[in-house]
Amino acid sequence: MGTILLFIYSIFQIILFTVVFTLSTVYFFRKHNPFYASLAILFIFYTLDIIVIMMTECVPSFSVFYDTTFLSVPSFKTIIYTVTATCLAFVYNSIFYENFEPKLYIPVIILALIWLFIPMFPGDSLRVYI
């Protein structure tokens, strides 16, 4: 029963995120506001993340492949997290400030560097924990 509910929840999230992505894209092409472009990019990457999570939970062969790849080079999640953090900083910047605030992107750059160097950390348990 829990697996079925998790599957339905994941499908609902994918549909909801796709609707928000579509509306943001339409508003971007109508108003040419970069705020809507960042929302569209944010939700398409949320959708990709949910799809990967759902596939690792429902498809055993993909789960084994993804887990072994993720332990050696977590580049897919690094890209998703970096793009998500950048879009969230841009959305925050465009809502609360009128001009560009570069200090908001310093934590994003630091996090991206940490995520890129995780495979170089010693020990597998530390890498999995981080």
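This presentation walks through one protein chain, from its overall build to selected residues.

Let me begin with the basis of the numbers. The model is predicted, so local features need pLDDT of at least 70 and side-chain atom pairs count only at pLDDT 80 or more, while totals for chains, interfaces and linings use all residues. Residues are numbered from 1 along each chain as its sequence is written, and side-chain values use heavy atoms, with hydrogens and water left out.

I turn to the overall build. The chain has six helices and zero strands; helices here are DSSP runs of H or I with at least four residues, strands are runs of E with at least two, and both are numbered from the N terminus. Read from the N terminus, the order of elements is α-α-α-α-α-α. Of the 130 residues in the chain, 29% are buried. Buried means under 20% relative accessible area, exposed means over 50%, and partly exposed lies in between, with a 1.4 Å probe and protein chains only. The chain exposes about 8800 Å², and carbon and sulfur atoms supply 77% of that area. These areas come from the Shrake-Rupley method with a 1.4 Å probe, and for residues only the protein chains shown count as cover. Contact, in what follows, means heavy atoms within 4.5 Å. Among contacts between residues at least 6 apart in sequence, 58% join residues at least 24 apart.

Now to helix 1. This helix covers residues 2–31, and its 30 residues should span 44 Å at 1.5 Å a residue; the end C-alpha atoms are 43 Å apart, which agrees. The expected span is 1.5 Å times one less than the number of residues.

Which residues of helix 1 are buried? They are Ser-10, Gln-13, Ile-14, Phe-17 and Ser-24. Helix 2, residues 34–58, is included in what covers them. In general, an α-helix has 3.6 residues a turn, so residues three or four places apart point the same way.

There is also a nonpolar surface patch of about 820 Å², made by Ile-4, Leu-5, Phe-7, Ile-8, Ile-11, Ile-15, Val-19, Leu-23 and Tyr-27. Ile-8, one of these residues, is in helix 1. Patches are made of residues with over 30% relative accessible area and no salt bridge; like charges are joined within 9 Å, and nonpolar side chains (Val, Leu, Ile, Met, Phe, Trp, Tyr) within 5 Å. A salt bridge is a side-chain nitrogen of Lys or Arg within 4 Å of a carboxyl oxygen of Asp or Glu.

Phe-21 also lies in helix 1 and is partly exposed, at 26% relative accessible area. Beyond residues up to four places away in sequence, Phe-21 touches Ala-40, Phe-43 and Ile-44.

Just after helix 1 comes His-32, in the loop between helix 1 and helix 2. His-32 has a positive phi of about 55° although it is not a glycine. Is His-32 buried or exposed? At 59% relative accessibility, His-32 counts as exposed.

Tyr-46 is in helix 2 and is partly exposed because its relative accessible area is 27%. Tyr-46 and Gln-13 are 33 residues apart in sequence, and 9.2 Å apart from C-alpha to C-alpha. Leaving aside neighbours within four places in sequence, Tyr-46 is in contact with Phe-17, Thr-84 and Leu-88.

Asp-49 is found in helix 2 as well, and is buried with a relative accessible area of 12%. With neighbours within four places again set aside, Asp-49 contacts Lys-77, Ile-80 and Tyr-81.

The buried residues of helix 4 include Lys-77, Ile-80, Thr-84 and Cys-87.

Leu-111 belongs to helix 5, residues 106–117, and is partly exposed at 35% relative accessibility. Leu-111 and Thr-78 are 33 residues apart in sequence and 9.2 Å apart in space, C-alpha to C-alpha.

I close with the cysteines. How many disulfides does the structure hold? The structure holds zero, a disulfide being a pair of cysteine sulfur atoms within 2.5 Å. Cys-87 is buried, at 7% relative accessible area, whereas Cys-58 is partly exposed, at 40%.
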